[in-house]
Amino acid sequence: MMKLLLCGKGGCGKSTVTALLAQSIAAKGCNVLVMDSNRSSFGLHRQLGLELPEDFLSFLKSLNPFSKKQEHGKEFEAKFKFFEPFWQLSDIPELYITRKGSLGLVSVGKFNVFEKNCALPAPKLFISFLSKLKTGTKDFVLVDTEAIVEPFGGGLEQGCDLILMVLDHSYESIRLSEKVANLCEKAGKKIYYIFNKVDGSNRTAMLGAIGKERVLSVIPPNEKLFQAGLVGREFDVFLPEIEGVASSLISGKFHFSY
Ligand SMILES: Nc1ncnc2c1ncn2[C@@H]1O[C@H](COP(=O)(O)OP(=O)(O)OP(=O)(O)O)[C@@H](O)[C@H]1O
Ligand SMILES: [Mg+2]
């Protein structure tokens, strides 16, 4: 149905919001694939209560007909052609996905685990994969990203239908929101904001600075989230502020819910 790119400054809560949205959308009966494209962070799979799957970039690399590495045998070679114009979620081999019900996780790879495989320009393969990925009517793909400039520098946004920017209560987030909105406009992509760890007077100040037009939700600081994030435990929280966003994404009717 939709490929979403989550971006925002370091530590604003991109992975947290990705995990919470993924859980909520899956609970509403959709297939969700979370794509962890942050090669230097280790929180997301823990927040989802999943093991880190095998490095997806090494799979994409092995499809290259010019690559010496052919790990997947004739069966896969026939099915996965490097230059295939379109991909479906079902084309991703199970080895590269960890799952819980209708929620799956793919990891591009981690720097200190798969250092060799993550060397540039390998992520270009992932960008190309994402552009070719076709989603079914009940499929959602959520791409969690690295630093703020990363998705826009490499063209990751081109493979996505919608950009969700997470903003914490900081001057940097406010300034970046303008920048990212401009980049999205140039790229012809719709963008919505989700404020995170924001409440009280910060909420008023942030809404005053940015306006409500693009804001979908305001998630307050949450002790349970903080605790789970700290020890790497699976999230088990119900947040109406996330439910509102999940419903908007599923219905395609975007409005400020909290
Ligand atoms: N609403 C919230 N309430 C309390 N703590 C939160 C909330 N959102 C995120 N956190 C905590 O803030 C920290 C940063 O969150 P997270 O890892 O999701 O950010 P990120 O933007 O993905 O970071 P990075 O840029 O390193 O990938 C974590 O410890 C997380 O548990
Ligand atoms: Mg993160």
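Predicted model: local features only at pLDDT ≥ 70, side-chain atom pairs only at ≥ 80, totals over all residues.

**Sheet notes**

I began with the sheet: an open one of eight strands with mixed pairing, and I wrote its order down as E4-E5-E2-E7-E1-E8-E9-E10. I then looked at the edges, where I found strand E4 (98-100) and strand E10 (215-219). Each has a single partner strand, so one side of each is left without a neighbour in the sheet.

How do E4 and strand E5 run where they are joined, parallel or antiparallel? They run antiparallel, and I noted three bridges between E4 and E5 (residues 103-107). I also picked out Thr98, which stands opposite Leu105 in E5.

**Helices**

Which strands does helix H1 lie across? I traced H1 (residues 14-27) and listed strand E1 (2-7), strand E2 (31-36), E5, strand E7 (139-144), strand E8 (162-167) and E9. Against E7, H1 runs at about 170°.

Then I went to helix H7, residues 171-187. I get 17 residues and 25 Å from the first C-alpha to the last, close to the 24 Å expected at 1.5 Å a residue. For its buried positions I wrote down Ser173, Leu176, Ser177, Val180, Leu183 and Cys184.

**Ligand 1**

I counted the surroundings of ligand 1 and came to 20 residues, the closest being Gly13, Lys14, Ser15, Thr16 and Gly229. Which helix gives the most to this shell? I found that H9 does, with four residues. Both H1 and H9 (223-231) each supply at least two residues of the shell. I sorted the shell by class too: six nonpolar, twelve polar and two charged residues.

**Lys197**

Last entry, on a backbone angle I wanted to revisit. Phi of Lys197 is near 60°, a positive value in a residue other than glycine. I placed Lys197 in the loop between strand E9 (190-196) and helix H8 (200-210). Why does Lys197 count as buried? I count 21 C-beta neighbours inside 10 Å of Lys197, and the cut-off for buried is 20 or more, so Lys197 makes the list.

Notes:
Residues numbered from 1 in each chain as written. Chains lettered and ligands numbered in written order. Buried ≥ 20, exposed ≤ 12 C-beta atoms within 10 Å, placed from the backbone. Expected span 1.5 Å × (residues − 1). Pairing = 2+ DSSP bridges. Contact = placed C-beta atoms within 7 Å. Axes fitted to C-alpha atoms, helices over the stretch in contact; angles between N-to-C directions. Near = placed C-beta within 6 Å. Nonpolar A, V, L, I, M, F, W, Y, C, P; charged D, E, K, R; others polar.
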